[in-house]
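Here is a short briefing on helix packing and strand pairing. Please keep the structure in view while reading.

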Amino acid sequence: MSFTEKLEGIVEKFKSLEQKLQDPSSLGQSFAKLSKEHSDLSPIVEIILQYQKARKELDDILEMLPDTDDAEMKEMMDAEKNELEKQLPKFEQQLKVALLPKDEADEKNAILEVRSGTGGEEAALFAYKLFAMYQKYAEKNGWKFEILSISDTGLGGYKDASASIIGRNVFAKLKFESGVHRVQRVPETENQGRVHTSAATVAVLPEAEEIDIKIEEKDIRTDVFRASGPGGQSVNTTDSAVRLTHIPTGITVSMQDEKSQIKNKEKALKVLRSRIYDAKREEVDKERAADRKGQVGSGDRSERIRTYNFPQSRVTDHRIGLTSFKIDEILIGELDEFVNALTAEDEARRLIDNC
């Protein structure tokens with residue numbers, strides 16, 4: 001099928017969906033599915049129509065030009081031809097990107113997990129800053145940021161923290177944040193003014209629903225215990241904390257923030273389902289990832305992806321070589337420069353792969 005035929009097929013499908021949606025009562029449960037499909041195709045069809053209009057106008061001009069004797073008219077047509085010849089490659093590029101195979105997880109909500117790494121308390125303080133950065137980024141995007149669990153150090157840092165982020169295209173925007181984030185700064189407790197390096201790991205998992213991953217009760221071992229750590233005074237008196245172990249994979253999730261054992265189990269199950277789903281996606285991608293030398297990132301949690309250098313107010317993403325000297329803005333959620341650049345790099349790579 002040629003590129004032109006493919007575009008015409010998409011427009012026809014869009015028109016067919018429009019006709020079906022004119023009578024929602026006859027569609028029953030399929031209405032939501034068809035409505036979403038129509039909504040997803042709408043921006044693509046808009047570009048296709050612009051492209052087809054420009055293509056036709058250019059063809060008409062090329063057909064008329066040889067028979068045009070009027071010098072002024074010929075000059076005007078030449079100018080219009082040049083402008084259309086500039087527009088068409090831009091439309092074609094937009095369409096190629098829009099028609100790339102979609103990651104089925106892109107539209108999902110996400111589970112964010114941040115853990116302190118090497119560097120002791122300094123790493124824990126950095127983990128706190130990263131968690132707050134993503135919370136502010138979620139707020140800027142109008143997403144719901146629901147804290148699932150926090151294990152703090154009692155000194156202002158986080159040993160680990162997790163949250164559920166709900167909104168439009170959450171995973172698509174955050175999926176390249178997974179990996180090791182390194183910080184270079186002078187700790188407040190350091191008298192000599194020496195720059196210390198520490199790290200925290202970030203994991204962004206697509207939030208799996210029951211339709212994605214069905215977990216059998218027989219495959220889960222549930223352990224209950226008393227919550228511990230700073231801030232847990234009232235919950236320490238009962239066995240409210242829950243640890244779920246998925247026996248087939250060995251994946252374990254602990255949750256203790258809620259006073260209710262039931263609520264802790266619900267939260268733990270949500271994270272467990274997402275971790276299993278992520279592990280399955282990783283398994284499927286392993287073979288392809290091995291061949292992708294120039295990829296943005298494999299999502300490997302051990303991969304160092306970004307450095308935050310406080311003395312120089314510098315943030316560098318090592319995968320794409322992008323450096324910004326706006327560390328203060330970035331840490332209050334101004335992440336779009338990195339998110340957009342990483343997305344563009346991924347699209348460029350996938351365009352090459354699909355050629």
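**Strands and helices in brief**

Strands β2 and β3 form a hairpin, with five residues between them. In the turn, Gly154 has a positive phi of about 85°. The model is predicted.

- β2 covers residues 144–152, and β3 covers residues 158–166.
- The two strands pair in the antiparallel sense over eight bridges.
- Phe145 stands opposite Ile165 in β3.

**The β6-β7-β8 sheet**

- Three strands make up an open sheet, ordered β6-β7-β8, with antiparallel pairing.
- β6 (220–225) and β8 (251–255) are the edge strands; each has a single partner strand, so one side of each is left without a neighbour in the sheet.
- On average, neighbouring strands of this sheet are turned by 15° against each other, direction ignored.
- β6 and β7 (residues 241–246) run antiparallel and are joined by six bridges.
- Ile220 stands opposite His246 in β7.

**The α2–α3 pair**

- Helix α2 (residues 30–64) packs with helix α3 (residues 71–98) at an angle of about 150°, and their axes are 9 Å apart.
- That angle makes α2 roughly antiparallel to α3, as angles over 145 degrees count as such.
- The crossing of α2 and α3 is left-handed.
- On the α2 side, the contact includes Ile44, Ile47, Tyr51, Leu58 and Met64.
- On the α3 side, residues in the contact include Met77, Leu84, Leu88, Phe91 and Ala98.
- Charged residues also take part, among them Arg55 and Glu57 in α2 and Glu80 and Lys81 in α3.
- The residues of this contact divide into 15 nonpolar, three polar and six charged.

Definitions and conventions:
Residues numbered from 1 in each chain as written. Predicted model: local features only at pLDDT ≥ 70, side-chain atom pairs only at ≥ 80, totals over all residues. Heavy atoms only, no water. Axes fitted to C-alpha atoms, helices over the stretch in contact; angles between N-to-C directions. Helix = DSSP H or I, 4+ residues; strand = E, 2+ residues; numbered from the N terminus. Parallel < 35°, antiparallel > 145°, perpendicular 65-115°, else oblique. Left-handed = near helix turned anticlockwise from the far one by under 90°. Contact = heavy atoms within 4.5 Å. Pairing = 2+ DSSP bridges.
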